[in-house]
Amino acid sequence: MTQTVTGQLPASEGLGRPFAWLWASSAGANAGDGLVRTLLPLLVVAGHPEPGVVAGLLAVNMLPWLLFALPAGVIVDRLDKRQIMLVSNLFRTAALLGAAAAHFAFDAPLLAWFALAFALGVAETLYDTAAPAMLPAIVEDRHLERANGKLSVPQIILNEMAGPPAAGLLVGVSVGLTLFTGATLYLLAAVLLLGIARRAPVPALREESAQPPQRSVRQDIAAGLRFVAKHPALRLTLLTSALCGLVYSATFSLLVLLSTSHLGTGPTGYGLLLAAGSVGAIAGSRLTPFLTDRLGTLRVARWSLAASGAAYVALGLAPHPLVAAGALLANGVFLMGWNIPVLSLRQRLTPAAFRGRVISVARLAAWGSMPVGAALGGLLAGLTSVPAMFVIAGSVLTAGSLLLLAPLRDPEPSAPRTPGRTPA
């Protein structure tokens, strides 16, 4: 049962002090992510500029999602979610401080950076599963879309936009300084989480920390998979997320070729195209809660993803970089119009005892499909052309999302939103 939060922020906000602490902690963690994700490739490229080594670093960083996503969901459902997030941030702090010490003491070998990437990936798997699973305990049910939208803004700005250039500037001064700065940001994120323990309502925290009956990890994973499979809205949105992951990775992996070879942009132009998508995502994070309040969660999610497919088609047909930038900006809006409502829907429909596992299954479906999508995108582009691949992938996303989500309907406007309510 989702708890009502009276909150101590102004009434117009309606999200409460616990959410403010969570938002601040998330901002700190995302700032650390933005630095580290740019720093590690730079460190590897400096000594090993081979494409296979650089790609291997990303694969190692993402590997924990394939290996531990489902067990992480079990851990999140069994233990205190705040403690998991706190320990994850402290672990990342210690890992970066250790890497900084090793860098100052001696030249760290390539294996050390790969080990650091894997360790940070494990911590991220736990943190990114626990955070959305905890949100319904500290935010009113009707405010989930707005809360998820607000949490996405620091991720886009600090992780994707500000983090890379900041990391580049800091690395120019000192690698050790960059590692120490990242550790400090994760430590700040951990400290800010302590505010949730002081401010969150006692009944909500007690519910989120309740211990389920002790079963094996395998049994708990199987129970989570059965829960998703039997729930129409969760099952169909999960399949749609997998399709979205396939198309996103197929197109994003070849966007640099579309930009440089077809549209004739240089590195700066490619960076500006990426920035256009980020600006659109920020706008979408603000617009989506407004639309879901008036049109319904599933309606916004369905048509946003269909429109995202149309934006990929427009990108493939774009005759000029400015048209491509407009398509990417619009796609940023549409992707947030899918991501925010579908995450809120999963939080709303899933009992507290299953939220970690449901979120981990959804992340595994969406992110686990990305390597396959990148491979399929490259194969399809080789058989046709890069612009044609965008047109085909976008068309598949539009048609597939409308088909998969067609059976789902939002509850009637007069009906209150309650966890466990399944759209017809």
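Which residues does Trp338 touch, not counting residues up to four places away in sequence? The list is Thr237, Thr240, Ser241, Cys244, Ala301, Ser304, Leu305 and Leu405, where a contact means heavy atoms within 4.5 Å.

## Ground rules

This is a predicted model, so local features need pLDDT of at least 70 and side-chain atom pairs count only at pLDDT 80 or more, while totals for chains, interfaces and linings use all residues. Residues are numbered from 1 along each chain as its sequence is written, and side-chain values use heavy atoms, with hydrogens and water left out.

## The overall picture

The protein has 16 helices and zero strands. Both are DSSP runs numbered from the N terminus, with helices being H or I of at least four residues and strands being E of at least two.

Of the 424 residues, 51% are buried. Here buried is under 20% relative accessible area, exposed is over 50%, and partly exposed is in between (1.4 Å probe, protein chains only). Looking at contacts with a separation of 6 or more, 87% of them join residues 24 or more positions apart.

## Two nonpolar cores

A nonpolar core is a set of buried Ala, Val, Leu, Ile, Met, Phe, Trp, Tyr and Cys residues joined through side-chain atoms within 4.5 Å. The largest one has 36 residues, and those with the most contacts inside it are Leu255, Leu315, Trp338, Met389, Phe390 and Leu397. Two or more residues each come from helix 9 (232-252), helix 10 (255-262), helix 11 (267-295), helix 12 (297-317), helix 13 (321-349) and helix 16 (386-405). Helix 13 gives the most, with nine residues.

Apart from this core lies another, of 24 residues, with Tyr127, Val139, Leu151 and Ala190 among them.

Leu126 sits in helix 4 (residues 110-138). Its relative accessible area is 22%, so Leu126 is partly exposed. Beyond residues up to four places away in sequence, Leu126 touches Ala72, Ile75, Val76, Ile84 and Ser88. Pro64 is 62 residues away along the chain, with 9.7 Å between its C-alpha atom and that of Leu126.

Met161 belongs to helix 5 (residues 144-173). Met161 counts as partly exposed because its relative accessibility is 31%. Leaving aside neighbours within four places in sequence, Met161 is in contact with Ile156, Ser278 and Ile282.
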